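This report describes a single protein chain. It begins with the aromatic side chains, then turns to the overall fold and to selected residues.

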Amino acid sequence: MPYIDSKISVPVSDKQKETLKTELGKIITCIPGKSENFLMVGFQDQYSLFFKGNALEKGAFVEVKIFGSAPSSSLDEVTDKICTLYENELGIPGQNIYVKYEFVNHWGWNHHNF
């Protein structure tokens, strides 16, 4: 089960959230064995982000949590596509988009762990 959580400094409309959710569902397939079928997505817009002591007026911190692992080449592709999506949809420049990956060995769901 992948989970993508986005902390975004700009306002995000419901229409934009729907577009982002749909596109992230496509992007996650760059990772072998992952699909939108079990993807969870969350957005926190108008989030205060600071880097080097300065506010990021247009910035995003995106966390991608993956059950298991993924090849580096897949992660490179995911990062590129997330940056392109957030640039095009939200006007956030790539140099202000940070993507963090976390690999999870234990994930609970429906009273059990994977």
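## Aromatic pairs

Four aromatic pairs are present in the structure, which is a predicted model. One of the pairs is formed by Phe-51 and Tyr-98, whose ring centres lie 5.2 Å apart with 45° between the planes, a tilted arrangement. Phe-51 belongs to strand S3 (residues 50–51) and Tyr-98 to strand S6 (residues 97–104), so this pair ties together parts of the chain that are 47 residues apart in sequence. Phe-51 counts as partly exposed because its relative accessibility is 38%, a value between the limits of 20% for buried and 50% for exposed. Tyr-98, at 28%, is likewise partly exposed.

Phe-67 and Phe-114 form another tilted pair, with 5.5 Å from centre to centre and 50° between the planes. Phe-67 is in strand S5 (residues 60–67), whereas Phe-114 is in the segment after strand S8 (112–113); the pair therefore ties together parts that are 47 residues apart in sequence. Phe-67 has a relative accessibility of 24% and counts as partly exposed. Phe-114 is also partly exposed, with a relative accessible area of 42%. Both residues belong to one aromatic cluster, which is made up of Phe-38, Phe-67, Trp-109 and Phe-114.

## Overall fold

The chain contains two helices and eight strands. Their order along the sequence is β-α-β-β-β-β-α-β-β-β. Among contacts between residues at least 6 apart in sequence, 79% join residues at least 24 apart.

The C-alpha trace spans about 40 × 30 × 25 Å along its principal axes. For a chain of 114 residues, a compact globule would have a radius of gyration near 13 Å, and the 14 Å computed for this chain agrees with that expectation.

## Burial, surface and charge

Of the 114 residues, 38% count as buried. The chain exposes about 6,700 Å², and carbon and sulfur atoms supply 49% of this area.

There are 11 positive and 14 negative side chains in the chain. The centres of these two sets lie 2 Å apart.

Is Ile-28 buried or exposed? Its relative accessible area is 1%, so Ile-28 is buried. The residue lies in the loop between helix H1 (14–27) and S2. When neighbours within four places in sequence are left aside, Ile-28 is in contact with Pro-2, Ile-4, Lys-34, Ser-35, Glu-36, Leu-39 and Val-64. Lys-52 is 24 residues away from Ile-28 along the chain, and the C-alpha atoms of the two are separated by 30 Å.

Phe-43 is placed in strand S2 (residues 40–44). Apart from neighbours within four places in sequence, Phe-43 has contacts with Asp-5, Ser-6, Ile-8, Lys-17, Leu-20, Lys-21, Leu-24 and Tyr-86. A distance of 23 Å separates the C-alpha atoms of Phe-43 and Asn-110, which are 67 residues apart along the chain.

## Loop residues

With a relative accessible area of 26%, Pro-93 is partly exposed. Which residues does Pro-93 touch, not counting those up to four places away in sequence? They are Lys-58 and Glu-87. Pro-93 and Lys-58 are 35 residues apart along the chain, while their C-alpha atoms are separated by 7.3 Å.

Two loop residues deserve a note on backbone geometry. Gln-46 is not a glycine, yet it has a positive phi of about 50°. This residue is found in the loop between S2 and S3, and at 56% relative accessibility Gln-46 counts as exposed. Asn-110, also a residue other than glycine, has a positive phi near 55°. Asn-110 is located in the loop between strand S7 (108–109) and S8, and its relative accessibility of 48% makes it partly exposed.

Conventions
Residues numbered from 1 in each chain as written. Predicted model: local features only at pLDDT ≥ 70, side-chain atom pairs only at ≥ 80, totals over all residues. Heavy atoms only, no water. Helix = DSSP H or I, 4+ residues; strand = E, 2+ residues; numbered from the N terminus. Rg over C-alpha atoms; globule rule 2.2 N^0.38 Å. Buried < 20%, exposed > 50% of the residue type's maximum accessible area, 1.4 Å probe, protein only. Contact = heavy atoms within 4.5 Å. Areas by Shrake-Rupley, 256 points an atom, 1.4 Å probe, with all protein chains shown as cover. Lys, Arg positive; Asp, Glu negative; His and termini not counted. Charge placed at Lys NZ, Arg CZ, Asp CG, Glu CD. Phe/Tyr/Trp six-rings, centres within 6.5 Å; stacked < 30°, edge-to-face > 60°.
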